[in-house]
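Dear colleague,

I am handing over the structure below, together with an account of what was found in it. Please keep it open beside this message as you read.

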Amino acid sequence: MNIRKLILQGEGTTLDFKKTITNNEKIAKSLVAFANNKGGQLLIGVADDGSIKGVKSEDEERYMITKSAHQFCKPAIEPEFDEIYVDDKLVLVVKIAESDTKPHYALDENKKWWVYYRVNDKSILASKIIVDVIKKVAKLKQI
C-alpha cells in the first residue's frame, strides 16, 4: 500500500484523516458512516492537510478505536489494522468494510443512537429517508 499516494487523493467517501483519536463518540461516527456506505479507511497520524504526524502510541489508538467500534457502534463493527512507517513516523491504517448488517448506529455524547453516512469527506447524520434506503438495500443484498 502506498500511503503517500493515498494521502494525495485527499479525504473523501472512503478515506478520512485523523491526527489522533481523542473521542470515542467522534470516532464511532466515522466508523458507522463507512460501514453504512462503501466501507473506507481511517489514517491515524495524518493531519487534515495531509501532513504525516505519526502516532505516539499505536496500542492506545488501537484500543480507543476497538472500544469505539464495540461499545459506541451498534451493531458492533470489526476494524482491521495495518501499521505503516513513513519517514520513521507510524501511521495506523484502520480498514472498515462495507457492512452486511446495515444500518449501524453510533452513540453520541447525549447517549442517543444515530445513523451516519459518508458523503464526500464528511460523516453526516442520516435523515429518516436515508435510513429507510439503507435498510431496504441491506434487505435486498440478503436475498
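**Cores, pockets and salt bridges**

In the largest nonpolar core, which has 24 residues, those that touch the most other members are Leu31, Leu42, Ile44, Ile65, Ile77, Val94 and Ile96. A nonpolar core here is a set of buried Ala, Val, Leu, Ile, Met, Phe, Trp, Tyr and Cys residues joined through side-chain atoms within 4.5 Å, where buried means under 20% relative accessible area, exposed over 50% and partly exposed in between, with a 1.4 Å probe and protein chains only. At least two residues of this core come from each of helix H2 (24-36), strand E2 (40-44), helix H3 (58-71), strand E5 (89-96) and strand E6 (105-107), and H2 gives the most, with seven residues. Helices (H or I, at least four residues) and strands (E, at least two) are DSSP runs, numbered from the N terminus. Apart from this core lies another, of twelve residues, including Ile3, Leu43, Val46 and Val93. In soluble globular proteins, nonpolar side chains tend to be buried together.

Please bear in mind that this is a predicted model, in which local features need pLDDT of at least 70 and side-chain atom pairs count only at pLDDT 80 or more, while totals for chains, interfaces and linings use all residues. Residues are numbered from 1 along each chain as its sequence is written, and side-chain values use heavy atoms, with hydrogens and water left out.

Leucine 42 deserves a separate look: leaving aside residues up to four places away in sequence, it touches Asp16, Lys18, Ile27, Ser30, Leu31, Phe34, Leu92, Val93 and Val94, contact meaning heavy atoms within 4.5 Å.

Two of these contacts, Asp16 and Lys18, return in the salt bridges, of which a search of the whole structure finds nine; a salt bridge is a side-chain nitrogen of Lys or Arg within 4 Å of a carboxyl oxygen of Asp or Glu. Aspartate 16 meets lysine 18 in one of them (3.4 Å, N to O); aspartate 16 is buried, with a relative accessible area of 5%, whereas lysine 18 is partly exposed at 22%. Aspartate 16 also meets arginine 118 in a salt bridge (3.6 Å, N to O), and this pair links distant parts of the chain, with aspartate 16 in strand E1 and arginine 118 in strand E7 (residues 113-119), 102 residues apart. Both aspartate 16 and arginine 118 are buried, and Asp16, Lys18 and Arg118 are linked in a network of salt bridges.

The largest pocket has a volume of about 420 Å³, and among its 20 lining residues Asp16, Phe17, Lys18, Lys26 and Asp48 lie nearest its centre. On a 1 Å grid over the protein atoms alone, a pocket is an open set of points where a 1.4 Å probe fits, with protein on both sides within 12 Å along at least five of seven lines, and lining residues have an atom within 4 Å of a point; grid points are joined across faces, edges and corners, and a volume is the space filled by probe spheres set on the points. Strand E1 (15-18), H2 and strand E8 (122-125) each supply at least two lining residues, the largest share, four residues, coming from H2. This lining divides into five nonpolar, five polar and ten charged residues, where Ala, Val, Leu, Ile, Met, Phe, Trp, Tyr, Cys and Pro count as nonpolar, Asp, Glu, Lys and Arg as charged, and the others, Gly among them, as polar.

With best regards
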